[in-house]
Amino acid sequence: MARDGMSRRVALRLGAVLSAAALALPRSAFADTIRRRLPWGPAAADRPERIDARPGYLFFTDAEAAFVEAAVARLIPKDELGPGALETGVPRFIDRQLAGPYGQGDHFYLQAPMPKGVATQGWQMGSPSEVYRLLIPQVNRWAADAYGQAFAALGPDKQDEALKVLEKGDASLKGGVDGKAFFELLLQNTIEGFFADPIYGGNRDMAGWRLIGFPGARYDYRDFVGRHGEAYPLPPVSLSGRREWTGKQS
Amino acid sequence: MASDPAPVDVLLVGFGWTGAIMGEVLTAAGLNVLALERGGWRDTPNDFAVTFDQDELRYYWRHRLFQNVAHETLTFRNRGDQVALPMRRLGSFLPGAGVGGGGIHWNGQVWRFLPSDFVARSHNVGRYGAAAVPETMTIQDYGITYAELETYYDRFEYLCGVSGKAGNLGGKVQAGGNPFEGPRSRDYPNPPLAMTYGPTLFAEAAARVGFHPFPHPAANMSRAYTNPLGLQLGPCTYCGFCEKFGCGNYSKASPQTTILPILLSRPNFALRTGCEVVKVELSADRKHATGVTYVDETGATIFQAANIVVLSAYILENVRLMLLSGIGTPYDPRTGAGVIGRNYAYQITSSVNVFYDDKLINPFIGAGSLGMIVDDFNGDNFDHSGKGFIGGGYLGVVNTGARPIESHPTPDKTPKWGSAWKKAVAGNYLKTVSIATHGAVMSHRGNYLDLDPTYTDALGRPMLRMTFDFTDNEHRMSDFLTERASDAAKAMGGREIKANKRSGSYDIVPYQTTHNTGGAIMGTDPKTSAINRYLQSWDVPNVFVPGANAFPQNAGYNPMGTVGALTYWCAEAIANHYVKSPGPLVQA
């Protein structure tokens, strides 16, 4: 049964552009006619995949990792309120995202031509992994020209200054690449890693959720709907539970 | 090409809400119905179960249930003198994919349009004079009245188990409901949902400043419900993962929860998944559809004969299929002639945040349509004299659940990152209420859909090209709504408020609403409409096109209630009239 027909078919058709061999698959492989039944079956749940638990980075080079670790530590810093993006595993979250289907642009339309367009037309760049790979060296080169060192080697104040210039779109990057769009992607991915469920590698120990008071992957607030203005009493919970239940960091 | 020349009675192109309603009514009438759906099967226990449904990253930000733009998207520009570029990732709107379509991840906001919305041109000209509708504003009457549609609204609301409070029963205004709505034949099937704190504070303040708040009508169950087909839905648990998510709890109306188990048990119905219709095939004189050509998941191209073809895909795909198939004359914005692609419209939204120091709002408790609404400034519920715009919208607090990647409001002048941002997010997440405004967009001569000359989908077919921008009418209207929302916000007693106006050109990046409308509109004149009042193609009478494509302009409400009602109306016209005497149901 074609549980995930769309993504397989997309893969097939995109593959077909490159290779006619994809068309040789038997017709019965995915097509499904549903008649006089509900196609429900056991053990077919579309559950999230576990991230690759091997230590270290899968996508980032050492230089890329140094940049991302330094940048996210400024975007969401460790401070008196608690851990920041670096301490909660956001670089590893972004690494696993870029190493996976999101990084490959599985939900991005990537056909050329790719002129820049106007801002209201949105993203006109490649896949996220291509953009990180292309832009990090450009930003480092620009930082070296403007501040004398690669981004990660700068002090926190200079890093903040460089990020502000990048955010405004005022960093003169080589090749006409869009530094502002890259900054927005990096900030979005950092916020995702800080607040996404810990199963994806960031938000370690649900620190992002604890910071704001979000109770996480709960599913029933019926007892609390009418208790206006009261503090919700239960701690956050992840899709993989809580450390108190499993003994493991979640 | 493979071929199945034995015609089915009815072929449905796309199997979301409109396809499921069509299938149910037409199989009950004894017709053989085949649905072709390009995506895969989806169901509650496997695709959005409570053990993994509460996953903001995967479902919203990684688009698990949405249309995949890698396969098919559209191109976009604000004006005809720009080069349209592909929407390379989803943003402003989120069409669904697979069985159930957008009916899985919608909020369940079920509205009726106002009686005056169906006669937008004649009503506004009648009340404010011909000058109130500029020459470039191409609004029209629907060719159907609210009174004709009432029983079909009622049918969709009972199918969905809508929770709400009637504001007008048979012409008598009811306390606690929407006093501006059209007359209803009976109350909603379920009472309103339990109310959270934010909407409650808003409603109290709104009443103090003279507005008329009432509970949002919600296809989220306030109690266990058995619908007229005998299908059971469970009470909503206010989990906050509803809008943009499937419901793991059988508490939100969807094709899966309200129709499919019955429809799929009928012997005269079949569904083929993974089959994308690429063209409606026409007879040599182009006045009759012989069937459709579709491509299955192996890439095989297959012809399927049919006596009736129903385009029941999302509005953007319905319009594109008509353009690709040569059904009707494409719209030309230079001359104003032609109808396919004409009168594309959208919605215009804004918000006002209220920040408290002393009130715990707990915004993570929510449901897709849980909220309190003010309708005083929708449609023509207020005097527009001297305002410089027509139309309106509702405003209110809808507590859909504050998932933190998406929702971490900060006061004015807060930086977007760094320690100051972190402190503002931490200090305000639990103590902020956001009033949303949800405004109509009129149709305008320069806003339209056609085929893109450059970009193609994964099958090599031209993409749809959208040319759209807000006009002065929309900006004046939205600014007015934002000011009224600010009136309520100031009365809510917070520390500070922040008004987020919608300024400048329409931007396809930030999420706004999945309420694209028009492009194949209904009407009384084949020169200015693609389909007649029964949603039947003027040009190819055995093609019917139910969906928000039928709206001549958008109203200030979420579209699904009206789409559901129009689909029932269209299905009954097929079953009761067309089948007995195939041909045009309205003489041009």
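Tutor: Let us begin with helix length: the expected span of a helix is 1.5 Å times one less than its number of residues. Helices (H or I, at least four residues) and strands (E, at least two) are DSSP runs, numbered from the N terminus. This is a predicted model, where local features need pLDDT of at least 70, side-chain atom pairs count only at pLDDT 80 or more, and totals for chains, interfaces and linings use all residues. Residues are numbered from 1 along each chain as its sequence is written, while chains are lettered from A and ligands numbered from 1 in the order in which they are written.

Student: What span should the 19 residues of H11(B) have?

Tutor: At 1.5 Å a residue they should span 27 Å, and the end C-alpha atoms of H11(B) are 27 Å apart, so the two agree. H11(B) covers residues 472–490.

Student: Which residues of H11(B) are buried?

Tutor: A residue is buried if 20 or more other C-beta atoms, placed from the backbone, lie within 10 Å of its own; it is exposed if there are 12 or fewer, and partly exposed in between. In H11(B), the buried ones include B:Met477, B:Phe480, B:Leu481 and B:Ala485.

Student: What do the buried residues of H11(B) pack against?

Tutor: They pack against H6, S15, S17, S18 and S21 of chain B. H11(B) lies across S15, S17, S18 and S21 of chain B, at about 150° to S18(B). Such angles run from 0 to 180 degrees between N-to-C directions, with axes as lines fitted to C-alpha atoms, for helices over the stretch in contact.

Student: In what order do the six strands of the open sheet come?

Tutor: Strands of a sheet pair through backbone hydrogen bonds, either parallel or antiparallel. Here two strands pair if DSSP finds at least two bridges between them. In chain B the order is S7-S16-S17-S18-S15-S21, with antiparallel pairing. S7 (214–215) and S21 (496–500) of chain B are at the edges with a single partner strand each, so one side of each has no neighbour in the sheet. Five bridges link S15(B) with S21(B), and B:Val352 has B:Ala499 as its bridge partner in S21(B).

Student: How much of chain B is buried?

Tutor: Of its 588 residues, 64% count as buried. Chain B has 12 helices and 23 strands. Its radius of gyration, taken over C-alpha atoms, is compared with a globule rule of 2.2 Å times the number of residues to the power 0.38. A compact globule with 588 residues would be near 25 Å, and chain B has 23 Å, which agrees.

Student: How many helices and strands are there in chain A?

Tutor: Chain A has eight helices and one strand, following the pattern α-β-α-α-α-α-α-α-α along the sequence. Buried residues make up 39% of its 250 residues.

Student: How many residues of chain A are in contact with chain B?

Tutor: Two residues are in contact if their C-beta atoms, placed from the backbone, lie within 7 Å. By that rule, 84 residues of chain A are in contact with 81 residues of chain B. On the chain A side, H1(A) gives the most, with 10 residues. Strands take part too: three bridges join S1(A) to S10 (residues 269–273) of chain B, and these run antiparallel. In S10(B), B:Arg272 is the bridge partner of A:Thr33.
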